[in-house]
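Colleague: Could you walk me through this model before I start on my own notes?
Modeller: Gladly, have a look here.

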Amino acid sequence: MSRLPITKTPKCFLGGAFIRSESGRVYEHKDSAGAFVCNIPLCTRKDLRNAVEAAAKAGPGWAKRSAYNRGQILYRIAEMLESRADELAAAISLTNPNAAASREVRAAIDRTVHYAGWTDKYESLLGSVNPVSTPHFNFTVMEPMGLIGILAPEESPLLGLLSMILPAITSGNTVIALASHGEPYPSILLGEILAVSDLPGGVVNLLTGTRADILPTMATHAHLRAVYAAANKSERTEIQQGAAEHVKRTVFLPSEKPIDWFADDAQGLYHIRHFLEAKTTWHPVGV
Amino acid sequence: MARSNPISLRSLISEIGPVDQVGIEERVAKYITRSIKKASKVQALKLAVSMVDLTTLEGKDTPGKVASLCLKALHPHDDPSIPSTAAVCVYPRLVKHAKKLLRGSSVKIASVATAFPSGQAPLATRLSEVRAAVSDGADEIDMVISRGAFLAGELALVQDEIAAVRDACGKTTLKAILETSELETYDNIRAASFLAMRVLRPGDFIKTSTGKTSSNATLGNNQVMLEAIRDFYLETGTEIAMKPAGGIRTAKQAIQFLIAVKETLGDAWLNNAHYRFGASALLNDLVRQLVKEKTGAYQAPYTFSEASGSY
């Protein structure tokens, strides 16, 4: 007797749970030959709003974890990615047979380990003790900004997305990321992987859908403290105009020319610094 | 009060009718599917602001905290189109501090009394607490009923105590807190509502909860009490007001409660003389949603005096 096929309903990872879009809308996901694969949720600004609420709830707990514990959890994400590496590579090849899929997955796992190592080190390198001419002990510490909105690039659906999420969560921020529209499936798998990685629910929230639905709200939502976007000229302008109202930080990766996600400078300390606030304290001494 | 005072819960319920629990829950499940948008949402939000009893009931309350609460009740936001709240709700000791700031304004001072939240003090003590709050300038008294006596079947005692507190209030409005979570069943809530309403005056309130137990105001409890008010009104012509309290934290919930009022009691109850929200955090979210409707941009909660911090 032949078995009925069991097909998976792709869902977005939001607040530690798997959701369909609040709107109930979906769009067709097709492979490189144009054959139907599955329906992907078409998230709306209300899903973004819900994701922001979830991220805000998770934020204080995540930021309060010890740096060492955050590193352990990021390393755990790498372990979970490793165990599903073949599935991830197949998902990337599905829409883009020319992609170096296995290489991309390996680079994504290595990048996760890279940031796992940074959690308890960036603060020593970016913080400082400052010389002042008054009887004060003056020092600067780095604190996470809060909620970060991410617009992931269209290409490199796994490595690009993770390379943008990791530097933000390393220091205790929480993120809401919109995945690639044309190649969303790796982000669906990434959600399933993050759900079993000891990462508290709500620290990473992954949305799928169109930029036109999400970008204007991401730019103007006052609760998001920064937007990190792989964006073209007109998108950058729209984000900057929206962000100006609440003095939101914007960090851009211009998408006019291809981004080399495998490059050495696609990771590291200075990416972490984008999403930190410096707090300087004047402590009276020796009077 | 011409009617005979029923001795037993059973006879009271057979007189007023029992509650169809499944029917109530089906009914309130419909309320959360209503879509209130744009201009009607703004209207509902402003109405909800005008119905808030801005509450602080903590052991650590100070005159300073009450002062800031009063100023917030008077001017919830810069926007002058956002109304003042209906009242502030504080412990009796703090009434006189609130009075200094609210004298002459539209914001009333409500005070919990009668050994809130348990009500487990001798009647004489509870009455003297009520008189003290009234003489300090409270406009409204929130009393707790004796749930222990109710559950022990001493219904007449419960009713007599409410009547005694009512008399101690003088001209002050009385709100009788049933503490629904301790009454266990919808039938009990309905019975307690009738017990209280029969000795209350027009314009007095019945109120769901103290906010001090694990379970607070729900749409279900609210619906049972609204229907009790409706049935009592149809029977006697007396308009009793309603105040759900505790657990209503978001603007969305508040609008759902208002829908329940609109669809059960109608427009006559959609004002702050007939319906109130007992809440502390709700006002922040109401104002936040009003600013969102005005500017089009989602707002951060910490802009509206939630706990500050990067999140």
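Predicted model: local features only at pLDDT ≥ 70, side-chain atom pairs only at ≥ 80, totals over all residues.

Colleague: Fine. In what order do the strands of the 5-stranded open sheet in chain A run?
Modeller: The order is β9-β8-β7-β10-β11 in chain A, with parallel pairing, where strands are DSSP runs of E with at least two residues and helices are runs of H or I with at least four, numbered from the N terminus, and two strands pair if DSSP finds at least two bridges between them. The edges are β9 (204-207) and β11 (249-254) of chain A, each pairing on one side only, and the twist averages 15 degrees from one strand to the next.

Colleague: How many bridges join β8 and β9 of chain A?
Modeller: Strand β8(A), residues 174-178, and β9(A) pair in the parallel sense over 4 bridges, and V175(A) stands opposite V204(A) in β9(A).

Colleague: And which strands does α6(A) touch on that sheet?
Modeller: Helix α6(A) packs on the sheet and touches β7 (147-151), β8, β9, β10 (224-231) and β11 of chain A, its direction making about 165 degrees with that of β8(A); contact means heavy atoms within 4.5 Å, and angles run from 0 to 180 degrees between N-to-C directions, with axes fitted to C-alpha atoms, for helices over the stretch in contact.

Colleague: How do α4(A) and α6(A) cross?
Modeller: The axes of α4(A), residues 101-118, and α6(A), residues 159-170, come within 10 Å and cross at roughly 5 degrees, so the two helices are roughly parallel to each other, a term for angles under 35 degrees. The contact includes A107(A), R111(A) and Y115(A) from α4(A), and L162(A), L166(A) and P167(A) from α6(A).

Colleague: Now the open sheet of 3 strands, which strands are at its edges?
Modeller: Its order is β5-β6-β12 in chain A with antiparallel pairing, and the edge strands are β5 (128-130) and β12 (276-284), each pairing on one side only. Neighbouring strands of this sheet are turned by 25 degrees against each other on average, direction ignored. Strand β5(A) pairs with β6(A), residues 136-144, in the antiparallel sense over 3 bridges, and S128(A) has T140(A) as its bridge partner in β6(A).

Colleague: Is N130(A) buried or partly exposed?
Modeller: N130(A), found in strand β5(A), is partly exposed with a relative accessible area of 23%, given that buried means under 20%, exposed over 50% and partly exposed in between, with a 1.4 Å probe and protein chains only. N130(A) touches N138(A), F139(A), T140(A) and T280(A), not counting residues up to four places away in sequence.

Colleague: Last topic, what does the secondary structure of chain B come to?
Modeller: Chain B has 12 helices and 8 strands. Its radius of gyration is 19 Å, close to the 19 Å that the globule rule gives for 311 residues, so chain B is as compact as a globular protein of that length; the radius is taken over C-alpha atoms, and the rule is 2.2 Å times the number of residues to the power 0.38. Of the 311 residues of chain B, 55% count as buried.

Methods. Residues numbered from 1 in each chain as written. Chains lettered and ligands numbered in written order. Heavy atoms only, no water. Parallel < 35°, antiparallel > 145°, perpendicular 65-115°, else oblique.
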